[in-house]
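Hi everyone, thanks for coming.

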Amino acid sequence: MNCRSPWLLALALIAATCSLSDIAAAQYGPSEPWKDATLYRDEWGTPHVYAKTLSSMAFALGYAQAGDHPEALLRAYRVANGRASEVWGEEWVNSDAFALMLGHAALARQTYPNADAITQDLCEGFAAGANAWYAENSQSRPEWAVPVQPEDPLALMHCYLMSFAPFDLPDTWSRRRPAASGNAWAVGPARSETGEPMLVINPHGYYDSPFQWYEAHVSSDLESDDWSMSGATLVGLPVLMMGHNGKIGWGLTPHEADSADMFLPPSLSQTGNANSVGGPQVTLESELLRELQIVNSMRTYRVRMGDGFEERQALYYVHGGNPTITTASNEHYTWKAGGYRDFGAIRQLYWMGRASGLDQFQEALQMHQLPTFHVTYADATGNLFYLYNAKVGDKRNLDGMRIRNQPEPPSWDTPLPSNDARFTWRGVVPVTQLPSVQNPFSGFLQACGNPPWTVTDDTETLWGSFPAWFGREPDTYRARRVRQMLSSGGKSFRDMQDMLFDVLVPFGMTAVPRILEAAASDGRWRGNARPESVELVEVLRNWNYIADIRSEGMTAFQVWWTAFRAQAPYGMPEETMLESLAANSPEIQAQSLEAVDQAARMMLREFGEVHVPWGDAHVLRRGEITHPIGGAVTGSPIFVASDGVFRDKAWEADYGSTFAMAVRFGEFTEGVSVMPFGASSDPASPHFADQLDLLRSGRLKPAWFYKDEVLPNSVSARGRAFEMIARGMDATFTIESMGPVEAQMKTALRPPAKIPKSLSAYSVFAEFSYEPPNSRVTLEATLRASKDVRGGRPLDAFTVFAFDGDRWQPVRPQVINAEEEAIHVSLTEPTTFALFGPARPGAARPVPRSTRTEPTQQPNSVVAETVPLTPMADWPGRGARSGAISWGRTVELRPPALDGLFRLESEVEIGARLTTAPNPPRPLPKGLVAFTAYVLAELSDPTAVLTIHLDLRPTPGEVNPEDIAKLAIYACDDATGWERVASQQFEPDVPRFSGTDTRPRIYVVLGPERAQQSQPVQDE
């Protein structure tokens, strides 16, 4: 029985019949689900949803997605529903006509009333949550916004899946595949340095696509139903598509299975004697009837034209479960695609996420609702599994054909006769007969655009077991590179992450020697070549096959490949060109040298020279932000960043990594992740581009999974009753409100104002604010103070203070619990909390950060007791990232977006935080350059006696291995300027620099400029 809460039914009904303003007036609707759901956000803006019901979980996820992508979410639905040109005009006409012709929205509306309870709960909750956000934030919703309907996620999923299906009708518009590539790999215990199974998922996509990836963490908050999943989905979907729970994980990457066929109109299928091929006779009467039905099956849509609209029509005619495709010449083809009438993908993904092991996961795959993906799986017990998850036709009717061991059939990528029974599908190939691999002897799996028989090193049993049309993708250089790396020894968790950002260009290692051979052997070319052509060949000769931002060889290779590819016959597959170049025939050698000449001329015309670093010619743009980026599509490095669009003298990466996650299944499951830009597509959001530096520097952030990780790392929470924990303060805050409220919490090492005399702070400062500001909120705070924190003093010597905007006041009443060593207080106003106690002997008085940068304005203030930093007051500036605050006598901190570890040991309790910045606080010593970001260590008590243990690792791929030992850790403050940290050592096997210091300063790894020249990679 499908029992849905009254608020869901009410809000869904309101959304179907009223405007968003009407929804806003129905306050009872959006407030009820927050009784059962809490939405936390961490410092990166990643949503963490805890809910007691499936529908409230979807509500909070829909609310979060609408807030992060207010336009992108509604845009995705308009594209799927065939209503995009109503807003954006003529350029979306083909998209709308195609969406209407395939009937994504019509089928979703038809299917939804009979959908399963899980799908309905998820879709209704999600739609209600999105509508609630739009209702509450009318100033931020687009003027063209319409209420989200529960069927919209179904239409979007159908549009997405069908966009991958082959469309074998040349010269007819069809939707671009959402992704042409993707990465996923996994290693079992035998291939792991620690014996922990590990998984990496890395979907690719277009950055301007309606299909945008979204990171989230959703969790059941009931002890009887302990379930949690972290990963990614498409903006507009109520369920995660890939990621991990506490026991299993999986990734999806697109393949090229022949999951759809195009059939000729009956009038074009009359070749020879129809009876001789077992096809039905097509009579004049039947064809006329079909034409009449088609004429009466038009759908109207509107196109924005200046200040008005123009109505147009598109065909929607489904016969025998298959849509009719109309060409420009008004011919009507039939398109048969695996999974066209399926709408169970949301339910299947839900059960995949609920699986606790391989058996349950495989049971979920039996639903067969994802027609077009490689599935790469790993779990905590060490199982690895791969499935070529396709929904392809069983075509055994063709003479001599079988599903296994069958000869290659005629071409299946052109329209087929509709009256030939041999081409009729006999259902679809069941999941149990699809190519799969389980626990291979090699100990690893990967799916990076390759056919199923090359997913690992020992798949001989798959090779030749399927017809050639079954999996049409060739083995890629990218997949070969991944296999080579996975098969070479045990892998650490860091290795698995570093592979995501590998920019070795494997095809370059094949192509460039061919170019050099052609240039050396062709005397005519050498005698007649222009100087710039000879110089370009030398650039390629000196290339180390790395596509980093300093590489001149990558720029030359990309321009050469563009010129070489332009000489190929129109429509020739790129893989065919790669094979022909590898064969190195005399004709190919001549073409290679002609491409050298063309490339040299192009580089002179566009850049004025042939020595152009890749970062100067290859960029990533986000709004007004433009950054150089490594990687490429040309040459097939693992890190994909497209290089096909050239404008403003640079190739813009408009396609590439859309989400990346690495997971290891140890005693506890740990995940790290990165989005290409940030959690939000709203330019006004602080999370619009805050992960761009992570992507550029090859780093991933923590993807908090367990609740005791999520709460201390959350900066905000929304709901009606929830807990928050301040990092660096042993305290729990419980917030309750009559209606939904969003609480934001900031922690600081320094107080907003001078604290009372004879007192010291024994915690960080936790500041709370609420949205809406006039919310009726009760905050219950329990602050714990152990004997170590108190220094042996009695608990009643300590008091919780709150700052009222003017001065510090003790909170009254305070309840002391001696057994728990805790103090409990209650407040109804937003405030800043801290635990105060007797002043520490000799301790400096903490002062507000705002006064620290202007000591000359307050000569008599306590700021004189701190280390002055006035000359560096404006540092760190733009691009800086501050980590979480930790409190204790021994504190371990990791610098944000940097590979390193700081361990601080003090005689007293201290609060500490690290901030990283891309730019130095003052000029570097002459001849030295930085190989890490700059790290500032801050303390709550600058005079505390302590030892700082430093570990820093240079950015991979940026240091010449021969010169890495010449690097060292340097520190800077106003007292000494830059100086080499006295006590340090270098571990070349890691490589890692470690040292010790006795006062908090700014740290960085510096080295000579020549160390930036990378060692050439040898041909494999």
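Let's start with a pair of helices: α19 and α21 are oblique to each other. This is a predicted model, by the way, so please keep that in mind throughout. Two packed helices are described by the angle between their axes and by the distance between those axes. Here the axes of α19, which covers residues 552-566, and α21 cross at roughly 120 degrees and come within 8 Å. Because an angle counts as roughly perpendicular from 65 to 115 and as roughly antiparallel over 145, this pair falls into the oblique class. As for handedness, the α19 and α21 crossing is right-handed.

Which residues meet there? On the α19 side we have T555, A556, V559, W560, A563 and F564. They meet I588, Q591, S592, A595, V596, Q598, A599, M602 and M603 of α21.

Now stay with α21 for a moment. The buried residues of α21 are I588, Q589, S592, L593, A595, V596, D597, A599, A600, M602 and M603. The helix has 22 residues, 586-607, so at 1.5 Å a residue α21 should span 32 Å, and its end C-alpha atoms are 31 Å apart, which agrees.

Next, a sheet. Four strands form an open, antiparallel sheet, in the order β9-β14-β13-β12. Its edge strands are β9 (260-263) and β12 (318-319), each of which pairs on one side only. If you zoom in on β12, you'll find it paired with β13, residues 322-326, in the antiparallel sense over 2 bridges.

Last stop, a single glycine. G182 lies in strand β3, residues 182-187. Is G182 buried or exposed? Its relative accessible area is 2%, and the cut-off for buried is under 20%, so G182 is buried. What is G182 in contact with, leaving aside its neighbours within four places in sequence? The list is N202, H204, T253, P254, A447, C448, G449 and R478. And for those of you who like distances, G182 and G205 are 23 residues apart in sequence, with their C-alpha atoms 8.2 Å apart in space.

That's my tour, and I'm happy to take questions!

Definitions and conventions
Residues numbered from 1 in each chain as written. Predicted model: local features only at pLDDT ≥ 70, side-chain atom pairs only at ≥ 80, totals over all residues. Heavy atoms only, no water. Expected span 1.5 Å × (residues − 1). Buried < 20%, exposed > 50% of the residue type's maximum accessible area, 1.4 Å probe, protein only. Contact = heavy atoms within 4.5 Å. Pairing = 2+ DSSP bridges. Axes fitted to C-alpha atoms, helices over the stretch in contact; angles between N-to-C directions. Parallel < 35°, antiparallel > 145°, perpendicular 65-115°, else oblique. Left-handed = near helix turned anticlockwise from the far one by under 90°.
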